[in-house]
Amino acid sequence: MEKQIKTIGVLTSGGDAPGMNAAVRAVVRTGLHKGFRMIGIQRGYNGLLNGECFEMNLRSVSNIISAGGTILYTARCLEFKTKEGQDKGAAKCRELGIDALVVIGGDGSYRGARELAHRGIPMIGLPGTIDNDIACTEYTIGYDTAMNTALEMIDKLRDTTQSHDRCSVVEVMGRNAGYIALNVAIASGAMAVLLPEKEFDMQRDILDKIVETQRTGKRHFIVIVAEGIGHSQEIANEIQARTGIDTRATILGHVQRGGSPTLRDRVNASAMGYHAVCLLEQGKYNRIVGMKGEELVDYPVDEALEMTKSIDPVLVDVCNTISICFFEHSAELYFSVKRGKAALLFLFTKNTVLWYTIARESRRGALSRVRQESGTVELEQAKKRVEELRAVIEKNNRLYYDQDAPELEDFEYDALMRELKAVSYTHLTLPTILRV
Ligand code: ADP
Ligand code: F6P
């Protein structure tokens, strides 16, 4: 028969995260409401070993729901990784009258708490980390705030990056996980993202993309780098050296861990804190609380620590698809005008190259006419032709025309664009047209 729980200890451990205070508040208030005595333990397992504890009442958690950080402080504790430290921790709990523990932190903190559970102190774990790298939950306390903070910073960087026609390489936190990086890349409209979960090729995934999107008129670039990839300054240096684009690296760093928690973090932290105490009340010990969609879930700690999770491949595809990517997901247009000949126009989509001819209505007519004359052409052949056209266009920095063909000087770019609009393209938007 399990010992009846009268006193619950609560601590925060590992890296702090916005919303930890909301979770502490919920644990304390729910505990008091259900008649438990509540003890706050400061500085994680360090505080437990040193007896840095205090009794908490309703007022101990007043006015903290909007505060970042953790009022219980947090620390990493090497001693607690040893058997002696864990024995001492369990003895301290008994000495302080702590019958069960709610631990707000990550996997490392749960491992520590599991050692206490093995020594007869039941535990409940709440996921508190900005990294969202806890396998048994889709959401961790602090993740939403950290992403919004990073996004706000990247939006500001975009302003200056755009004004100077630069490239910004922005490193975001996440330890070995790319959840923050992928989400902020999508939300900030970044051109590329490098994730620890996905192999990347500098040439293919960054340099080629920059050069190709430059040809569509794009002049500033945001590249998000997950902390697990690192080397942001080197990546920025390489981009600058190999593309000639002025490039800056910004490591957002610990700013992402601070700030007032978002509504989502406050609500989820409150619900999880409440749930933790309900589990203890029901005698459901040694479990980790998480969220699956909008639902609260909980798993035995052993099972939770065995679970794995991976980055959502659909989100990766969303990110790649809507950042401009030549020859894969976007359309681009090239044309040349030669004396007495129709202009050629190539439209690239993921797997096909469509081509059109642009013919003049009459010899002296100013308006050119677009005819959807043909279907697909062979990809390699079209690429080769485009390279030839590109060379001519770059050399002349304008629509190419033969010096012997003065009648083509009245070729009207805007009129052609109007004509193009009239053609029922489903996959071409005019901003992707190369204006030369
Ligand atoms: P997180 O909880 O965010 O994963 P850490 O990995 O730094 O953060 O772990 C927080 C603390 O939990 C550590 O400082 C240590 O005191 C304790 N801890 C981590 N791993 C273990 C372990 N394997 N056994 C016992 N305690 C551990
Ligand atoms: O786990 C949260 C986190 O901020 C990670 O994103 C980062 O790798 C790490 O903690 C930084 O740890 P510290 O605060 O010890 O520098």
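Predicted model: local features only at pLDDT ≥ 70, side-chain atom pairs only at ≥ 80, totals over all residues.
Q: Which space in the protein does ligand 1 take?
A: The space taken by ligand 1 is the largest pocket.

Q: How many residues surround ligand 1, and which are the closest?
A: There are 14 residues around ligand 1, and the closest are Arg 76, Cys 77, Gly 106, Gly 108 and Ser 109. A residue counts as near a molecule if one of its heavy atoms lies within 4 Å of it.

Q: Which element gives the largest share of that shell around ligand 1?
A: Helix H4 (residues 107-118) does, with five residues. Helices (H or I, at least four residues) and strands (E, at least two) are DSSP runs, numbered from the N terminus.

Q: What is the make-up of the shell around ligand 1 by class?
A: Three residues are nonpolar, seven are polar and four are charged. In this scheme Ala, Val, Leu, Ile, Met, Phe, Trp, Tyr, Cys and Pro are nonpolar, Asp, Glu, Lys and Arg are charged, and the others, Gly among them, are polar.

Q: Which polar backbone atoms lie by the oxygen atoms of ligand 1?
A: A polar backbone atom of Cys 77 is 2.7 Å from an oxygen atom of the ligand. For a backbone N or O atom of Gly 106 the distance is 2.9 Å, and for a polar backbone atom of Asp 107 it is 3.4 Å. Taken alone, ligand 1 exposes 550 Å², of which the protein buries 81%. Such areas come from the Shrake-Rupley method with a 1.4 Å probe; for residues, only the protein chains shown count as cover. A polar contact is a pair of N or O atoms within 3.5 Å; within protein, one must be able to donate a hydrogen and the other to accept it, and residues adjacent in sequence count only if both atoms are side-chain atoms.

Q: On to ligand 2. Which residues are around it?
A: The residues around ligand 2 include Arg 76, Asp 131, Gly 174, Arg 175, Glu 227, His 254 and Arg 257. By class, the shell has two nonpolar, three polar and five charged residues.

Q: Which side chains reach the oxygen atoms of ligand 2?
A: An N or O atom in the side chain of Arg 76 is 2.6 Å from an oxygen atom of ligand 2. Polar side-chain atoms of Glu 227 and His 254 lie 2.7 Å and 2.9 Å from an oxygen atom of the ligand. Alone, ligand 2 exposes 400 Å², and the protein buries 77% of that.

Q: Back to Gly 174: where is it, and is it buried or exposed?
A: Gly 174 is in the loop between strand S6 (167-172) and helix H6 (179-188). Gly 174 counts as buried because its relative accessibility is 0%; buried means under 20% relative accessible area, exposed over 50%, and partly exposed in between (1.4 Å probe, protein chains only). Its C-alpha atom is 6.7 Å from that of Ala 226, 52 residues apart along the chain.

Q: What does the side chain of Asp 99 reach?
A: The side chain of Asp 99 has a polar atom 2.8 Å from the backbone nitrogen of Lys 6, and it reaches the backbone nitrogen of Thr 7 at 2.8 Å. Asp 99 is in the loop between helix H3 (83-96) and strand S4 (100-105), and counts as buried because its relative accessibility is 11%.

Q: What about the phi of Arg 43?
A: Arg 43 has a positive phi, near 60°, in a residue other than glycine. Its place is the loop between strand S2 (37-41) and helix H2 (44-50).

Methods:
Residues numbered from 1 in each chain as written. Chains lettered and ligands numbered in written order. Heavy atoms only, no water. 1 Å grid on protein atoms, 1.4 Å probe; cavity = no way out; pocket = protein on both sides within 12 Å on 5 of 7 lines; lining within 4 Å. Sits in = over half its atoms within 2 Å of the grid points.
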